[in-house]
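Reader: Hi! I'm new to this one, could you walk me through it?
Author: Happy to, here it is.

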Amino acid sequence: MRLPRPVPSPAAPAEARRLLARARRISRDLGPAGVAVRLVQRLVPRRILFLEWYDVFEAWAARPGPSIEAGDTEARWADESDAAAAGALFRGEAEIRRRLALGDRGALLLDGGEVVGHLFFTQRPYDENRLVYRTGGDSWWMYDGYVDPRRRGRRLYGRLFGASLNALSQGGRPVRAFSTVDRLNTASQRAAARRGSRIIGRVLTVRAAGVTVSRVRWVGGRPSWRVHRGPRTVTLPGTSRATPGG
Ligand SMILES: CC(C)(COP(=O)(O)OP(=O)(O)OC[C@H]1O[C@@H](n2cnc3c(N)ncnc32)[C@H](O)[C@@H]1OP(=O)(O)O)[C@@H](O)C(=O)NCCC(=O)NCCS
């Protein structure tokens with residue numbers, strides 16, 4: 001008996017082409033390691049094998065940034081009354097309230113009065129999937145940058161970043177902001193590079209059966225491996241004599 005030939009779904013080839021193009025791009029930019037990380041992330045459930053590969057970025061304020069007040073778009077710090085609008089982007093109101101209650105600062109990007117993006121700053125120890133980063137004094141941990149998908153590609157994130165960092169520097173005192181960017185997140189990597197951040201380290205985290213293996217390597221240093229069940233505290237490189245903005 002002859003089986004009927006499967007009728008290809010019109011969406012399938014387009015989806016396959018898209019995935020192949022993405023795999024090629026990852027291979028070109030990040031080599032086989034990038035493809036391997038991507039495959040594991042896509043094929044293995046996170047609860048079985050968690051894998052994260054990211055760069056640690058550093059940025060200085062006190063370089064003159066573009067004004068965010070221009071046109072219809074502006075930025076300002078969030079307060080509790082913004083929790084619903086900011087949470088509606090994707091994190092949810094309760095999470096935004098929790099962050100603000102902890103003293104984190106949320107920079108909001110507004111377009112015609114509507115909240116279209118956010119970026120958070122904290123000085124409490126920041127737990128990035130069992131790696132705990134400590135800041136304080138003039139340094140901040142920056143997290144959860146987000147721009148509404150309909151507004152992406154207009155360089156709004158860089159402007160939000162510049163405006164908020166300049167606001168934190170209060171009168172031009174140099175401040176540092178650290179952040180992580182997934183190595184496979186091309187949009188975020190490009191946005192980070194353009195806004196003048198520089199890579200100071202690279203981290204790999206693998207977790208299975210409650211055990212985490214982490215590798216931290218600062219630029220110019222040796223990799224430091226740890227096997228841990230609980231959190232690992234990571235000391236960020238001390239304040240260098242680097243030129244602010246460099
Ligand atoms: C990362 C992010 C905040 C960047 O915001 P943005 O205002 O679009 O940033 P930019 O306009 O500078 O664009 C950065 C890159 O995004 C890509 N991009 C451009 N248009 C895009 C679009 N319509 N949709 C998605 N990405 C786009 C481009 O690669 C661009 O780089 P290029 O200008 O050199 O080509 C945004 O893409 C986002 O919210 N992503 C989801 C959340 C996220 O990944 N956050 C970062 C966590 S580390």
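Author: One term to begin with: a residue is buried if 20 or more other C-beta atoms lie within 10 Å of its own, exposed if 12 or fewer, and partly exposed in between, with C-beta atoms placed from the backbone. By that count, 28% of the 246 residues of the protein are buried. Please keep in mind that this is a predicted model: local features need pLDDT of at least 70, side-chain atom pairs count only at pLDDT 80 or more, and totals for chains, interfaces and linings use all residues. Residues are numbered from 1 along each chain as its sequence is written.

Reader: Thanks! How many helices and strands are in the protein?
Author: The protein has five helices and twelve strands. Helices (H or I, at least four residues) and strands (E, at least two) are DSSP runs, numbered from the N terminus.

Reader: And the ligand, which residues come nearest?
Author: R152, G153, Y157, A187 and R190 do, out of the 18 residues around the ligand. Being near here means that the C-beta atom, placed from the backbone, lies within 6 Å of the molecule.

Reader: Which element gives the most to that shell?
Author: That is α5, with six residues. β7 (139–147), α4 (156–168) and α5 (186–194) each supply at least two.

Reader: Let's stay with α5, then. Which of its residues are buried?
Author: S188, A191 and A192 are buried in α5. Seen down the helix axis, the buried residues fall within an arc of 100° (taken from the directions from the axis to the C-beta atoms), so they line one face of α5.

Reader: What do the buried residues pack against?
Author: They pack against β1 (50–60), α4 and β8 (176–182). Contact here means C-beta atoms, placed from the backbone, within 7 Å.

Reader: And what does the face turned away from the buried side carry?
Author: On that face of α5 sit the exposed residues R190 and R194.

Reader: New topic: what is the strand order in the open sheet of three strands?
Author: The order is β5-β6-β12, with mixed pairing. Two strands pair if DSSP finds at least two bridges between them. At the edges are β5 (126–128) and β12 (232–234), each pairing on one side only.

Reader: In what sense do β5 and β6 pair?
Author: β5 and β6 (residues 131–133) are antiparallel, over three bridges. Y126, for instance, has Y133 in β6 as its bridge partner.

Technical notes: Contact = placed C-beta atoms within 7 Å.
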